[in-house]
Amino acid sequence: MYKIQIIPRTLHFKQPAGTSRGVYTTRRLWYLLVNNPDTGNLGVGECAPLPALSCDDIPDYEKILAGHCRETEATGAINYEALRPYPSMLFGLETAMQHLHAGNIRLWKTPFSEGKQGIPINGLIWMGNFDEMYRRIEEKMRLGFRCIKVKIGAIEFEKELELLEHIRRHFSPEQIELRVDANGAFTPSDAPQKLEALSKFKLHSIEQPIRAGQWTAMGQLCAQSPFPIALDEELIGVNTLERKIELLETIRPQYIILKPSLHGGLKGAAEWISLASQRGIGYWITSALESNVGLNAIAQWCATLNPTLPQGLGTGLLFTDNISYPLHIQGDCLWFDPNAPMPDFTHYLYTQDH
């Protein structure tokens with residue numbers, strides 16, 4: 001019924017990407033090429049686990065992925081329950097199949113896929129030294145971003161406060177919405193004081209102030225913080241419905257941040273959204289250093305949710321050897337151009353060195 005080919009690739013960052021798990025210069029991923037021999041249609045998906053972060057960053061990744069691809073070929077359907085522990089594999093399979101059935105990379109019919117509406121996004125400030133981060137903040141503000149996300153925890157806390165003070169000196173909360181991402185850099189003991197110090201800058205939210213796995217301490221912070229807390233890494237590896245409910249009930253965050261490659265694929269992310277909405281918890285969607293194949297899939301799906309908050313979808317310009325997609329950032333929105341040339345998957349997947 002279907003034929004699924006696995007194509008491993010290594011992409012190269014235009015400039016080193018500093019994250020909480022170190023600095024990335026390359027990105028290892030696997031493209032899935034799904035073919036329907038009866039119709040000749042094909043679909044492309046991306047499986048891109050993040051090293052030392054994804055719950056399915058495992059040594060025998062490609063072997064397990066191949067097993068799930070063979071099962072999907074044999075049955076003609078994705079085994080969602082079997083794929084719960086492997087969110088990046090599920091994301092690649094379900095988006096490849098959606099591409100196959102849609103017939104093109106406009107995976108769902110929305111104002112975004114028709115080029116009529118952009119998705120608001122935040123401007124991301126990567127970790128770096130003070131001067132680098134200062135320069136990047138200035139650039140984002142010049143480009144017209146109304147929401148800026150600053151990764152903190154990489155340099156001295158006092159220096160980070162200086163950066164935030166610089167922004168607030170020039171832009172009010174009404175002009176620039178500020179988010180910070182601590183990537184678990186604080187400890188339960190110092191987090192309350194640091195949150196208090198940060199609160200004077202009228203921040204929208206802080207992501208993951210303490211490292212994941214400390215549910216009781218995180219719950220206490222969420223109850224006492226002077227401004228909202230959003231969970232990100234905390235959700236990784238929490239794949240069953242029962243555990244998701246337990247986490248949300250225990251911690252009661254103000255927001256959750258969903259990366260489909262990390263948090264259960266599209267189906268698992270939709271599950272998180274439903275459970276969070278029932279409890280009055282907000283959310284937004286972000287990409288996780290995928291190539292344009294994955295970024296487009298996330299953006300197309302995100303558009304079906306009618307987002308109003310700025311999303312984290314500005315990471316498509318990271319690689320020197322990315323596949324060309326009709327995605328572009330204009331002002332503070334991500335846009336899709338349905339009239340631009342569509343990607344040449346055959347040329348890209350088979351002529352590049354992999």
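Ala, Val, Leu, Ile, Met, Phe, Trp, Tyr, Cys and Pro count here as nonpolar, Asp, Glu, Lys and Arg as charged, and the others, Gly among them, as polar. The model is predicted: local features need pLDDT of at least 70, side-chain atom pairs count only at pLDDT 80 or more, and totals for chains, interfaces and linings use all residues. Residues are numbered from 1 along each chain as its sequence is written, and side-chain values use heavy atoms, with hydrogens and water left out.

**View 1. The largest cavity and its lining.** A cavity is a set of points, on a 1 Å grid over the protein atoms alone, where a 1.4 Å probe fits but cannot get out; lining residues have an atom within 4 Å of a point. Grid points are joined across faces, edges and corners, and a volume is the space filled by probe spheres set on the points. The count comes to three cavities of 30 Å³ or more. The largest holds about 100 Å³ of space. Its lining includes Tyr80, Arg84, Asn239, Lys244 and Glu271. Helix H2 (80-83) and helix H9 (265-278) are the elements that give two or more residues to this lining. Helices (H or I, at least four residues) and strands (E, at least two) are DSSP runs, numbered from the N terminus. By class, the lining has three nonpolar, three polar and five charged residues.

**View 2. The second largest cavity.** About 70 Å³ of space lies here. Pro111, Phe112, Gln117, Gly118 and Ile119 are among the lining residues, as are Pro120, Ala303, Asn306 and Pro307. Six of the lining residues are nonpolar, three are polar and none is charged.

**View 3. An open sheet of three strands.** The order is S4-S13-S12, and the pairing is antiparallel. S4 (119-120) and S12 are the edge strands, each pairing on one side only. Two strands pair if DSSP finds at least two bridges between them. S4 and S13 share two bridges, and Ile119 has Leu334 of S13 as its bridge partner. S12 (residues 327-330) and S13 (residues 333-336) pair over four bridges. Here Leu327 is partnered by Phe336. Two residues lie between S12 and S13 in their hairpin, and Gly331 in the turn has a positive phi of about 65°.

**View 4. The hairpin of S2 and S3.** S2 (residues 22-35) and S3 (residues 42-47) run antiparallel, joined by six bridges. Val34 has Gly43 of S3 as its bridge partner. Six residues lie between the strands, and Gly40 takes a positive phi near 85°.

**View 5. Ile206 in the largest nonpolar core.** A nonpolar core is a set of buried Ala, Val, Leu, Ile, Met, Phe, Trp, Tyr and Cys residues joined through side-chain atoms within 4.5 Å. Buried means under 20% relative accessible area, exposed over 50%, partly exposed in between (1.4 Å probe, protein chains only). This core has 91 residues, and those with the most contacts inside it are Val150, Leu198 and Ile206. Helix H10 (residues 292-303) gives the most to it, with eight residues. A second, separate core of 19 residues includes Trp30, Leu83, Leu90 and Leu93. Ile206 lies in strand S8 (residues 205-207). Ile206 is buried, with a relative accessible area of 0%. Contact means heavy atoms within 4.5 Å. Leaving aside neighbours within four places in sequence, the contacts of Ile206 include Ile152, Val180, Phe186, Leu198 and Phe227.

Definitions and conventions:
On a 1 Å grid over the protein atoms alone, a cavity is a set of points where a 1.4 Å probe fits but cannot get out, and a pocket is an open set with protein on both sides within 12 Å along at least five of seven lines; lining residues have an atom within 4 Å of a point.
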